[in-house]
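Open the model in your viewer and keep the sequence beside it. This tour tells you what to select at each stop.

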Amino acid sequence: MRRRAKPYGGIAAALLAAAAGWFYFSGGYDRWRDEKSVADECDGTVAVDEVRALLGTDDVSGDTKHRAVDRTAGEKSRDGSGPPVVCWLDGPGGYQQRAVVRMEWRSQAWGPHIESGRDPGSFTTTVPVPIGAGWPGMVNLAGDGAAATVVLDCRNTDGPRAGDSLTLFVHSWGSRPYEEAAQRVRLARFATRTAQAAAREYGCDARFGGRVQRVGPLDSGRPTYRKAPPLAEAGGTCAGIKPGSVITRARETAAGRAPVEDCMLIDDKGQALFRLSSYYGTFADDQRMKTQTGRELDSAVTKPLRTDFLFRAEAACPGSPRQAVFVVDYRDGDHDAKPQRGYAREALREFAERSAARHGCTHVKLF
């Protein structure tokens, strides 16, 4: 007499099918797919929850269309000597709602000024705001959105990353407006979290900061100059610079440890006359090469930086590279530059010495 087979196998299959259906229709599959595409696109350095918070949507994905041209993920060697990645992260609006993440080694830097969204020769560029919380980074308006930059020095004493640094750039737009304080914090947290994960992934022994709680308002450039506060009240990067015969106001970077810092000196008509800037890390590399040699790279490689600064200065810094660069640029306008040269040189000296002290640098020398 044949025994009837017990229906356990059929029950188990039915349960598995039901679970799979629930997983699919509850949105679990979509979340898994998003997480996988983001991980694949960015070498696992980006947390999908951070992308969702930044773009303001639960529907995010890695944009693989750019992979053939821009992406180098998966090409790193086991010792971490290979290149980091460029990855594109999209909300449902595609280009209208996007974050682009680029990482590069200082030893292989392409164009940090361009990637950070700042034009080093423009008086209409926005003044960067330090990320703070112990992070060597900055946030600034860029194009239709905003950009965040984090520069991490590698403390490795041997191997391919010895003496190198990792720079992370994030450019995001089409989500919430960056006039909102909370959105600036989301961008800063996304950048610092990704930089930390990237440093670990690519073998850079870096010192990290803490959780970002606040990022100051982002300056929109020229439209704000007429409303700039008096120079005598400056408490950031313009602090200590005395008003001049025509200089009465200033727009400044908050005192901190941003890789680029600006002090815009503005005349009584609301026109920016001088721009003082400090450059550290990979940004110092770029400016030092240009200001000392005047050599312009092939335009197919990178956009040349300005070489006609009124004055420049350098300082010796810990870490690598061991120099910072400080410059003062002059805007042709209603005032003759010659009577202002002495004022500009002393302004640069005060600016450079204070900035160098904040960054632990010494021996400021003017040229």
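In what order do the seven strands form an open sheet? The order is β1-β2-β3-β7-β6-β5-β4, and the pairing is antiparallel. Two strands count as paired if DSSP finds at least two bridges between them. Helices (H or I, at least four residues) and strands (E, at least two) are DSSP runs, numbered from the N terminus.

A note before you go on. This is a predicted model, in which local features need pLDDT of at least 70 and side-chain atom pairs count only at pLDDT 80 or more, while totals for chains, interfaces and linings use all residues. Residues are numbered from 1 along each chain as its sequence is written, and side-chain values use heavy atoms, with hydrogens and water left out.

**The whole protein**

Show everything. The protein has eight helices and 13 strands. Of its 367 residues, 50% count as buried, meaning under 20% relative accessible area with a 1.4 Å probe and protein chains only; exposed is over 50%, and partly exposed lies in between.

**Along the sheet**

Select β1 (61–62) and β4 (129–132). Both stand at the edges with a single partner strand each, so one side of each has no neighbour in the sheet.

Move on to β2, residues 86–91. Two bridges join β2 to β1, and the two run antiparallel. Gly62 has Leu89 of β2 as its bridge partner.

β2 and β3 form a hairpin with two residues between them. Their antiparallel pairing runs over six bridges. Find Val86, which stands opposite Arg102 in β3. Nine of the 12 residues of β3 are buried.

Arg98 stands opposite Trp173 in β7.

**The helix on the sheet**

Zoom in on Thr192 in α6. Is Thr192 buried or exposed? Thr192 counts as buried because its relative accessibility is 6%. Leaving out residues up to four places away in sequence, Thr192 touches Ile131, Trp135, Val150 and Val212. Contact here means heavy atoms within 4.5 Å.

**A loop threonine**

Go to Thr57, in the loop between α3 (48–55) and β1. Thr57 is buried too, because its relative accessibility is 15%. Beyond its neighbours within four places in sequence, Thr57 is in contact with Arg52, Gly91, Pro92 and Gln97. Now show Ser175. The C-alpha atoms of Thr57 and Ser175 are 8.7 Å apart, across 118 residues of chain.

**The largest pocket**

Finish at the largest pocket, with a volume of about 660 Å³. A pocket is an open set of points on a 1 Å grid over the protein atoms alone, where a 1.4 Å probe fits, with protein on both sides within 12 Å along at least five of seven lines; lining residues have an atom within 4 Å of a point. The volume is the space filled by probe spheres set on the points, which are joined across faces, edges and corners.

Select Pro136, Val151, Asp153, Arg257 and Pro318, which lie nearest the centre among the 26 lining residues. β5 and β6 are the elements that give two or more residues to the lining. The largest share, three residues, comes from β6.
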